[in-house]
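Okay, thanks for making time, everyone.

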Amino acid sequence: MDHIEPDELAVLALEGREPDDDAARAHLAECAECRAEYDTLARTAALGRAGVPEGELEAPPASVWAGIHAELGLAPELAGDPLTGGRAVATPAAPAEPRPVAELPSRRRPWWPIAVAAAVGGILVGVGVGVAIGGLGDAEPTPVPAVVLASADLAAFPGWDGATGHATVEEDADGIRSIVVDLDASVPQGDVSEVWLIRSDASGLVSLGLLDGSSGRFVLPAGIDLTEFTLVDVSAEPVDGDPAHSGDSIVRGELVES
């Protein structure tokens with residue numbers, strides 16, 4: 001005889017009886033596999049009827065029997081939950097399809113922070129523009145470098161051994177000419193040094209001013225023709241009130257056009 005069908009074994013175990021058919025009953029008595037399954041089902045059913053006080057155990061949901069029914073492949077007529085008297089078990093609902101996520105309406109933002117931010121931004125922009133404009137207004141123009149017209153190396157006169165000097169004639173962007181004189185010499189205390197322009201033939205000379213220290217810049221008088229006044233002279237002058245050249249030149253040199 002073939003094995004007893006699982007659903008028949010389940011019914012027999014739940015009802016606590018053995019097969020009515022002699023052959024099936026004999027098979028159940030002899031077949032270890034069918035017997036073991038029957039005994040397991042019978043113990044389970046007995047536990048369910050073990051007299052647990054009502055209310056102490058929570059009844060399993062109908063889906064538990066539905067799962068057992070499906071797992072064991074029982075017949076459709078056994079689909080009813082035995083704990084509920086065999087009523088049909090509702091098929092577990094399939095998981096719901098995820099619903100599209102709707103965008104939540106954005107919260108209405110208070111207007112005042114935006115207004116304040118805009119006002120502050122406007123103020124900052126205004127300040128920035130003002131600073132930029134003001135900065136442009138205050139910016140000093142880039143100076144135009146002066147043009148060197150001529151220069152001269154100044155050599156020592158007798159009695160002024162070791163004295164040296166240099167002269168450079170420059171013209172700025174406005175056409176103003178000046179001469180920069182550097183002197184390296186020890187002038188006796190009580191004397192001053194004076195800068196002169198002298199004609200090449202020594203027929204005339206022009207005082208440019210006293211040299212304060214070892215270097216000075218002097219504006220050339222308008223009308224001075226450097227092609228005539230080609231010699232740069234630095235003299236030692238006593239402080240005697242006489243504006244004439246003392247005759248004591250420290251260094252002298254001839255301007256060379258650049």
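**Salt bridges and surface patches**

So, keep in mind that this is a predicted model. V64 comes out as partly exposed, with 38% relative accessible area. V64 sits in helix α4, residues 62-72, and together with I68 and L72 it makes a nonpolar patch on the surface, with about 210 Å² accessible between them.

D2, E5, E8 and D21 form a negative one. Among them, E8 belongs to helix α1, residues 6-15, and E8 is partly exposed, again by its relative accessible area of 38%.

Now, salt bridges. How many does a search of the whole structure find? Eight. Let me show you a few.

Take R252 and D233: their side chains meet at 2.8 Å, N to O. That pair links distant parts of the chain, with R252 in strand β8 (residues 249-254) and D233 in strand β7 (residues 231-238), 19 residues apart. Is D233 buried or exposed? It's buried, because its relative accessibility is 0%. R252, at 26%, is partly exposed.

Next, E15 and R17 form a salt bridge at 2.5 Å, N to O. E15 is partly exposed at 48%, and R17 is partly exposed at 31%.

Last one: R35 and E18, with the closest N and O atoms 3.5 Å apart. Here R35 is in helix α3 (residues 32-48), while E18 is in the loop between α1 and α2, and the two are 17 residues apart. R35 is partly exposed at 26%, and E18 is partly exposed at 34%.

Note on methods:
Residues are numbered from 1 along each chain as its sequence is written. This is a predicted model: local features need pLDDT of at least 70, side-chain atom pairs count only at pLDDT 80 or more; totals for chains, interfaces and linings use all residues. Side-chain values use heavy atoms; hydrogens and water are left out. Patches are made of residues with over 30% relative accessible area and no salt bridge: like charges are joined within 9 Å, nonpolar side chains (Val, Leu, Ile, Met, Phe, Trp, Tyr) within 5 Å. Accessible areas come from the Shrake-Rupley method with a 1.4 Å probe; for residues, only the protein chains shown count as cover. A salt bridge is a side-chain nitrogen of Lys or Arg within 4 Å of a carboxyl oxygen of Asp or Glu. Lys and Arg count as positive and Asp and Glu as negative; His and the chain ends are not counted. The place of a charge is taken as NZ of Lys, CZ of Arg, CG of Asp or CD of Glu. Helices (H or I, at least four residues) and strands (E, at least two) are DSSP runs, numbered from the N terminus. Buried means under 20% relative accessible area, exposed over 50%, partly exposed in between (1.4 Å probe, protein chains only).
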